[in-house]
Amino acid sequence: MSESGTQLFARLEARRSLKDIEPRLFPDDGGPDQGEVVELYGLEGTGKTELLYHLLCRCVLPEVAGGLEVDVVFVDTDYSLDMFRLVSILDTRLNAGLATSSSSAGSDESLLRSCLSRLLVVHCSCSSQLLLTLHFLETTLSSRPRLALVLIDSISAFYWLDRCEGGATIARQEEKLSKCADLLGRLLRDYRFTIFATCHTIRRSYSGPSSSSSSSETDRPYLCRPWQRLITHRLQCSKQEVQNNPDAAAGGSKDQRRRQVFSVHCTSSSSRMKGSRISSICVTDRGVEFI
């Protein structure tokens with residue numbers, strides 16, 4: 001298949017680096033660079049999707065409001081994307097960003113529409129649809145050179161369905177996701193964008209008496225090796241005990257003490273980034289807030 005001049009230009013043009021997408025999540029070396037993959041891993045209800053909303057808003061907001069002003073693709077495999085929630089967070093952050101800026105960039109409604117024009121949402125209901133979507137993604141990357149981020153919520157959505165349809169062999173069970181991972185690897189090399197993908201913790205059954213190591217077993221990666229090879233950063237999301245909330249410990253308000261706090265532990269296999277970082281966040285009507 002021949003490559004058009006537009007496709008060549010889009011592929012070779014340097015896309016916006018997202019190393020500064022959220023300094024509070026990553027060590028001092030910075031966040032993910034072009035062509036890298038971040039996996040947000042944890043149990044259901046530990047703030048993974050809310051973190052995606054937070055990162056999405058950071059990317060599509062205009063620079064005058066503290067954003068990166070880049071295009072984003074959101075691949076929704078769990079059908080959990082709440083557009084009302086997303087628009088509410090985006091509107092709140094847009095107003096807050098403009099309030100601290102001396103620039104007059106237009107009406108709130110026109111700016112909000114401009115932010116949403118940078119977002120493309122795609123829904124998938126099976127691994128085959130996900131694979132077709134990723135093939136379509138190459139056309140999107142070619143036509144939108146400002147596209148810098150792809151969000152997948154979640155990459156593990158079809159794990160059990162693929163296991164049921166794959167028969168008795170692991171290779172057949174992992175075939176579709178492996179093809180998706182291989183295609184993503186090629187697209188990352190060719191177009192140098194960044195991926196954030198959520199992955200649910202899998203519940204395993206154990207024989208014998210329970211031990212202290214059992215809880216850590218659920219944190220072990222379980223998706224196919226082609227996907228594991230792509231991951232350069234991992235954000236381990238978990239619920240944090242209430243007494244660890246600094247606001248509560250400092251005698252904060254009753255509402256503050258009731259807030260659910262989540263812990264995000266960042267680790268990396270990237271050769272340029274060393275160390276790890278643990279952040280605490282809570283989810284409010286305004287979105288994710290760091291503590």
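Helices here are DSSP runs of H or I with at least four residues, strands are DSSP runs of E with at least two, and both are numbered from the N terminus. The structure is a predicted model. Nine strands form an open sheet with mixed pairing. The largest pocket has a volume of about 230 Å³, and one cavity of 30 Å³ or more is counted.

**The sheet**

- The nine strands of the open sheet follow the order S3-S2-S4-S5-S1-S6-S7-S8-S9, and their pairing is mixed.
- S3 and S9 are the edge strands, and each has a single partner, so one side of each has no neighbour in the sheet.
- From one strand to the next, the twist averages 25°.

**Strand pairs**

- Strand S1 (residues 37-42) runs parallel to strand S5 (residues 194-200), and six bridges link the two.
- Within this pair, valine 37 faces isoleucine 195 of S5.
- Strand S6 (residues 231-240) and strand S7 (residues 261-268) are antiparallel, with eight bridges between them.
- Histidine 233 is set opposite serine 268 in S7.
- S7 also pairs with S8 in the antiparallel sense, over six bridges.
- Cysteine 266 has arginine 277 in S8 as its bridge partner.
- Strand S8 (residues 277-284) is in turn antiparallel to strand S9 (residues 287-290), over four bridges.
- A hairpin of two residues connects S8 to S9, and threonine 284 lies opposite glycine 287 in S9.

**Helix packing**

- Helix H2 (residues 48-60) and helix H3 (residues 83-99) have axes that come within 10 Å and cross at roughly 50°.
- The H2 and H3 crossing is right-handed.
- H3 also packs against helix H4 (residues 108-117), at an angle of about 125° and with the axes 10 Å apart.
- This angle makes H3 oblique to H4.
- The crossing of H3 and H4 is right-handed.

**The largest pocket**

- The volume of the largest pocket is about 230 Å³.
- Fifteen residues line the largest pocket (15 in number), and those closest to its centre are Tyr159, Arg163, Gln173, Glu174 and Tyr222.
- H5, helix H6 (159-165) and helix H7 (170-173) are the elements that each give two or more residues to the lining of the pocket.
- H6 contributes the most to this lining, with three residues.
- By class, the pocket lining has nine nonpolar, three polar and three charged residues.

**The cavity**

- A probe the size of a water molecule, rolled over the atoms, shows where empty space remains.
- One cavity of 30 Å³ or more is found, and the largest cavity holds about 30 Å³ of space.
- The residues that line the largest cavity are Val73, Val75, Leu120, Val122, Thr133, Leu134, Phe136, Leu137 and Thr140.
- At least two lining residues of the largest cavity come from each of strand S2 (71-76), strand S3 (119-123) and helix H5 (127-143).
- H5 supplies the largest share of this lining, five residues.
- The lining of the largest cavity consists of seven nonpolar and two polar residues, and none of its residues is charged.

**Backbone details**

- Most residues other than glycine have a negative phi, and most peptide bonds are trans.
- The peptide bond from aspartate 153 to serine 154 is cis, and its omega is near 0°.
- Serine 154 is in the loop that runs between strand S4 (147-153) and H6.
- Tyrosine 79 is not a glycine, yet its phi is positive, near 50°.
- Tyrosine 79 belongs to the loop between S2 and H3.
- Arginine 192, also a residue that is not a glycine, has a positive phi of about 55°.
- Arginine 192 sits in the loop between helix H8 (175-191) and S5.

Conventions:
Residues numbered from 1 in each chain as written. Predicted model: local features only at pLDDT ≥ 70, side-chain atom pairs only at ≥ 80, totals over all residues. Heavy atoms only, no water. 1 Å grid on protein atoms, 1.4 Å probe; cavity = no way out; pocket = protein on both sides within 12 Å on 5 of 7 lines; lining within 4 Å. Points joined across faces, edges and corners; volume = space filled by probe spheres on them. Nonpolar A, V, L, I, M, F, W, Y, C, P; charged D, E, K, R; others polar. Pairing = 2+ DSSP bridges. Axes fitted to C-alpha atoms, helices over the stretch in contact; angles between N-to-C directions. Left-handed = near helix turned anticlockwise from the far one by under 90°. Parallel < 35°, antiparallel > 145°, perpendicular 65-115°, else oblique.
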